[in-house]
Amino acid sequence: MIIGNGGIALELVYEIEGCEIIWAIKDKAIGNTFFDAGAAEFLTSKLIAEKPEARIAHKRTRYTTEGRKQTKTGAGNMGSALGPDWHEGLNLKGTKEFSHKIHIETMCEVKKIYLQEEFRISKKKSLPFPRDHSNQSVTTDKEVWPVYVELTNEKIYGCDFIVSATGVTPNTEPFLCGNNFDLGEDGGLKVDAHMHTSLSDVYAAGDMCTASWRPSPVWQQMRLWTQARQMGWYAAKCMAAASLGESTDMDFSFELFAHVTKFFNYKVVLLGKYNAQGLGSDHELMLRCTKGQEYVKVVMQNGRMMGAVLIGETDLEETFENLILNQTDLSSYGEDLLDPNIDLEDYFD
């Protein structure tokens with residue numbers, strides 16, 4: 001059973017093969033953090049594909065700790081964030097002959113977890129893995145499992161193990177005792193435009209901080225590995241400048257929100273206010289979708305592009321990035337902006 005609807009859960013359900021997976025999410029559609037129901041529907045079709053395609057290659061700088069031997073993860077070991085390549089080198093293939101077999105339980109959370117003996121004493125009944133989505137089984141599962149999960153929708157499933165991938169909480173507790181940090185609503189340490197906290201000479205970056213400066217209209221904080229790296233780099237630059245008594249400008253990476261990742265073997269690019277964050281009802285969406293190939297959504301406000309979701313090899317990310325940054329008036333183009341017969345990259349070059 002995989003619990004959660006963020007990046008790690010999305011990667012796991014696709015990367016694990018040859019196993020039956022119950023996927024429990026609290027939302028109506030998968031990937032709610034990253035995209036809307038339309039994009040979720042586009043991606044879900046990939047989960048029922050019989051044969052996985054060849055993995056798309058991602059060239060990315062890798063970071064390791066110098067001078068340390070690789071050890072198996074234990075209770076006393078601490079490491080860096082998982083990053084986007086966390087499952088590289090892991091064998092995620094089960095013993096079954098199929099590729100993917102996933103059942104999604106929506107709008108639910110975990111109510112209780114039972115170990116095998118606890119479940120036996122409780123006299124409760126668990127459900128077998130659903131074979132037919134249109135005809136939910138009313139029989140009980142005869143197999144004995146190491147652990148059982150009761151969901152808030154009253155369904156109980158037995159499983160070999162549970163993966164809890166339910167998001168990020170700022171880990172500020174070790175730093176709060178004896179200090180008087182200003183905290184954001186989400187519990188992170190408030191930082192200004194130079195990553196400086198409310199305490200003199202103390203800086204914070206990444207998941208544990210809350211950006212409290214007035215952001216660019218097309219940037220928002222999101223606790224992602226890529227953004228944490230940008231913040232860490234910028235914080236170091238600000239600390240060095242402060243020690244030399246010099247000033248430093250806000251880093252360009254905070255001008256536009258941009259995140260590139262891979263879900264279900266599709267390239268996924270998120271730009272700006274990709275889900276119309278903070279725009280209220282004063283916006284419109286334009287869509288272009290080719291089943292099994294690409295999904296393009298742009299968020300428009302007053303004729304200007306404010307954000308975009310690009311799934312697949314669209315080759316539009318650089319063009320859209322420039323259109324969002326330049327705030328070009330696109331109102332005269334209307335729906336032709338997403339006409340697949342028009343080479344936008346060449347047109348706006």
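Because the model is predicted, local features need pLDDT of at least 70 and side-chain atom pairs count only at pLDDT 80 or more, while totals for chains, interfaces and linings use all residues. Residues are numbered from 1 along each chain as its sequence is written, and side-chain values use heavy atoms, with hydrogens and water left out.

Take strand E5 (residues 147-151) to begin with; strands here are DSSP E runs of at least two residues and helices are H or I runs of at least four, both numbered from the N terminus. Five of its five residues are buried, that is, under 20% relative accessible area, with exposed meaning over 50% and partly exposed in between (1.4 Å probe, protein chains only). Val-147, Val-149 and Leu-151 cover one side of E5, and Tyr-148 and Glu-150 sit on the other. Strands pair if DSSP finds at least two bridges between them. E5 pairs with strand E4 (residues 110-115) in the antiparallel sense over five bridges, and Val-149 is the bridge partner of Ile-113. Strand E6 (residues 156-159) also runs antiparallel to E5, joined by four bridges, with Val-147 opposite Cys-159. E5 and E6 make a hairpin with four residues between them, and Glu-154 in the turn has a positive phi of about 75°.

On to the charges. The structure holds nine salt bridges, each a side-chain nitrogen of Lys or Arg within 4 Å of a carboxyl oxygen of Asp or Glu. In one of them, Arg-120 and Glu-117 have their closest N and O atoms 2.4 Å apart; the two are three residues apart in helix H3 (residues 116-122), so about one helical turn separates them. Arg-120 is exposed at 53% relative accessibility, whereas Glu-117 is partly exposed at 41%. Arg-223 and Asp-186 form another, at 3.0 Å. Since Arg-223 lies in the loop between E9 and H5 and Asp-186 in the loop between H4 and E8, this pair ties together parts that are 37 residues apart in sequence. Arg-288 also forms a salt bridge with Glu-294, at 2.8 Å, and both residues are buried. Shared partners join Lys-111, Lys-124, Glu-150 and Glu-154 into one salt-bridge network.

Finally, Glu-313, Asp-315, Glu-318, Asp-343, Glu-345 and Asp-346 gather in a surface patch of negative charge. Patch residues have over 30% relative accessible area and no salt bridge, with like charges joined within 9 Å. Glu-313 lies in the loop between strand E14 (304-311) and helix H6 (317-326) and is exposed at 53%.

How values were computed. Patches are made of residues with over 30% relative accessible area and no salt bridge: like charges are joined within 9 Å, nonpolar side chains (Val, Leu, Ile, Met, Phe, Trp, Tyr) within 5 Å. Accessible areas come from the Shrake-Rupley method with a 1.4 Å probe; for residues, only the protein chains shown count as cover. Lys and Arg count as positive and Asp and Glu as negative; His and the chain ends are not counted. The place of a charge is taken as NZ of Lys, CZ of Arg, CG of Asp or CD of Glu.
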